[in-house]
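Student: I have just opened this structure and would like to talk it through slowly with you.

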Number of protein chains: 2
Amino acid sequence: MKRTAFFLSDGTGLTAEGLGHALLAQFEKIDFERITVPYIDDENKAHEIVERINLAAENDDARPLVFDTIVKSDIRRIVSTANGFMVDIFGTFLNPLEQELQSASSYTVGKSHSIVNGDNYERRINAVNFALDNDDGARIRHYDEADLILVGASRSGKTPTCLYLALQYGVKAANYPITEEDLTDQQLPKALRPHKQKVFGLTIDPERLATIRNERKPNSRYASISQCMHEIEEIELIYRRERVPYLNTTAYSVEEISTRIMVSTGLKRNR
Amino acid sequence: MKRTAFFLSDGTGLTAEGLGHALLAQFEKIDFERITVPYIDDENKAHEIVERINLAAENDDARPLVFDTIVKSDIRRIVSTANGFMVDIFGTFLNPLEQELQSASSYTVGKSHSIVNGDNYERRINAVNFALDNDDGARIRHYDEADLILVGASRSGKTPTCLYLALQYGVKAANYPITEEDLTDQQLPKALRPHKQKVFGLTIDPERLATIRNERKPNSRYASISQCMHEIEEIELIYRRERVPYLNTTAYSVEEISTRIMVSTGLKRNR
């Protein structure tokens, strides 16, 4: 069975999409066609979207689900005339919150993903630049500045995690690959020792690592299962000997890895 | 006035945080202390969080706001005993959605940020790697593979935007800096011409650009206002002459830039 789901906003649409996707994920048996339409900020665009919703209702023989965070009341009024099942995200919660907080909502568009709070925004962008500049052990002289240093075998997920931590939390994360040369004495590489309290380890199942490496360098020694097994075994030994907290990333998304690191390290979001 | 807000989940907490922050952004006069606690997945953790909420209620002389997406019913039951104003995000919407869809929710934890849908997840990670490999005009031989090529002056926001597009939408975005050498003939740089239909331009107010560049290279010619004015003027001239769609990023966050590019280009999310 197919249903269409719209995510509508007069801002970026990220909030409507985020909540909408989370809710739809609970209905695994249904095949949803997902359509995000952000920046619905004038009456023409509102009428256009009403037509699209009505058309989808006809084609599907079922009214679409409409998740919206539209703030402007004249736009809301038009969109609510569509033949959809309306999930009014802000409308549902803002009124009770106003009561509880004894304060009027400002009903302004696009607050949460704007640069209104300039300092926090700059911290996030600086954190992205920090992650890029300090990727892959490229430089170690800025480790003093780092909130976190992710270590692990090549292709265990360090770089995407650092970038996500930067964008989502404004956390400055460097990363350092533990390579074969570092595996001789079962200790943390020298460059990391002065910063041991910031070090967090990633590990991954050797089979998964071999698959990932094979995409990068097919049939290389680097991607062989024996090499991956050797590296992972030695690296986990270092983590345990040096009491470095670590996480096996095999079954986790970059969002899950990042949030688990935040919990485990007690780092505060700079956002 | 200060109030505490908790964002609770038995998964990553990203959905609770995303919606909660968007709602709180509508109450600008109130100073919120924000506490995210993900992975509340056993009864001990549930009891612990009840204590934290009750303590905050005492300290603030007002009950905290509690935004939660906890799915497991035994955990929910415990958390709901806390002295908080409960914003039950899933509870509010899942029941009406079940009715509408004539389908039972699976009540499973952490679906939307997991790697359950492995293909889509891999596309996002591949897109991150693509953005890194094709950053800053480093390589142009993979432009065939790109969904999008972002161009603009150095420090106009290309790289963070490419990374966000990759992580959020699984879009493969390369970026190419337009430097002074490219400004001689008021045309798109040669490397870009065969891919013109994928090119999207960023621009930025010269004053803002000078500020950003000064943080990177203080008092350099590169960061001077005259240099920034010259580059931006010439670059915008190229965009107009070549009819390259473009966006002024000065007032926009990376989320806003990215969503506007998605709208303008009609690119589909690979997620």
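Student: Let's start with A16(B); where does A16(B) lie?

Tutor: A16(B) lies in helix α1 of chain B, which covers residues 14–24. Helices here are DSSP runs of H or I with at least four residues, strands are runs of E with at least two, and both are numbered from the N terminus. Before we go further, please keep in mind that this is a predicted model, in which local features need pLDDT of at least 70 and side-chain atom pairs count only at pLDDT 80 or more, while totals for chains, interfaces and linings use all residues. Residues are numbered from 1 along each chain as its sequence is written, chains are lettered from A and ligands numbered from 1 in the order in which they are written, and side-chain values use heavy atoms, with hydrogens and water left out.

Student: Is A16(B) buried or exposed?

Tutor: A16(B) counts as buried because its relative accessible area is 0%, and the cut-offs are under 20% for buried, over 50% for exposed and partly exposed in between, with a 1.4 Å probe and protein chains only. Its C-alpha atom is separated by 18 Å from that of R77(B), which is 61 residues apart from A16(B) along the chain.

Student: And what does the side chain of T12(B) make a polar contact with?

Tutor: The side chain of T12(B) makes a polar contact with the side chain of H113(B) at 3.5 Å, and the side chain of T12(B) also reaches the backbone nitrogen of L14(B) at 3.1 Å. A polar contact is a pair of N or O atoms within 3.5 Å; within protein, one must be able to donate a hydrogen and the other to accept it, and residues adjacent in sequence count only if both atoms are side-chain atoms. T12(B) itself sits in the loop between β1 and α1 of chain B, and T12(B) is buried, at 8% relative accessibility.

Student: Which side chain does a polar contact join to that of E255(B)?

Tutor: That is R124(A), so this contact of 2.4 Å runs between a residue of chain B and one of chain A. E255(B) belongs to helix α9 of chain B, residues 254–265, and E255(B) counts as buried at 4% relative accessibility.

Student: Switching topic, how many salt bridges are there over all chains?

Tutor: A search of the whole structure finds 34, where a salt bridge is a side-chain nitrogen of Lys or Arg within 4 Å of a carboxyl oxygen of Asp or Glu. As background, side chains of opposite charge can pair when their charged atoms come close. One of these salt bridges joins the side chains of K2(B) and E33(B), at 3.1 Å from N to O. That pair links distant parts of the chain, with K2(B) in strand β1 (residues 2–8) and E33(B) in strand β2 (residues 31–37) of chain B, 31 residues apart.

Student: What other salt bridge does K2(B) have, then?

Tutor: The side chain of K2(B) also meets that of D60(B), at 3.0 Å from N to O. Here too the pair links distant parts of the chain, since D60(B) is in helix α2 (residues 43–60) of chain B, 58 residues apart from K2(B). D60(B) is buried at 15%, whereas K2(B) is partly exposed at 35%. In chain A, salt bridges that share partners join K2(A), E33(A) and D60(A) into one network.

Student: Which residues gather in the patch of negative charge on the surface?

Tutor: They are D42(A), E43(A), E48(A), E51(A) and D74(A), and helix α2 (residues 43–60) of chain A gives the largest share, 3 residues. Patches are made of residues with over 30% relative accessible area and no salt bridge, like charges being joined within 9 Å and nonpolar side chains (Val, Leu, Ile, Met, Phe, Trp, Tyr) within 5 Å. D42(A) lies in the loop between β2 (31–37) and α2 of chain A, and D42(A) is partly exposed at 31%.

Student: Last one: what is the phi of N219(A)?

Tutor: N219(A) has a positive phi of about 60°, although it is not a glycine. Most residues other than glycine have a negative phi. N219(A) is in the loop between α7 (206–216) and α8 (225–242) of chain A, and N219(A) is exposed at 76%. R243(A) is another non-glycine residue with a positive phi, near 55°; R243(A) is placed in the loop between α8 and β8 (246–248) of chain A, and R243(A) is exposed at 75%.

Notes. Areas by Shrake-Rupley, 256 points an atom, 1.4 Å probe, with all protein chains shown as cover. Lys, Arg positive; Asp, Glu negative; His and termini not counted. Charge placed at Lys NZ, Arg CZ, Asp CG, Glu CD.
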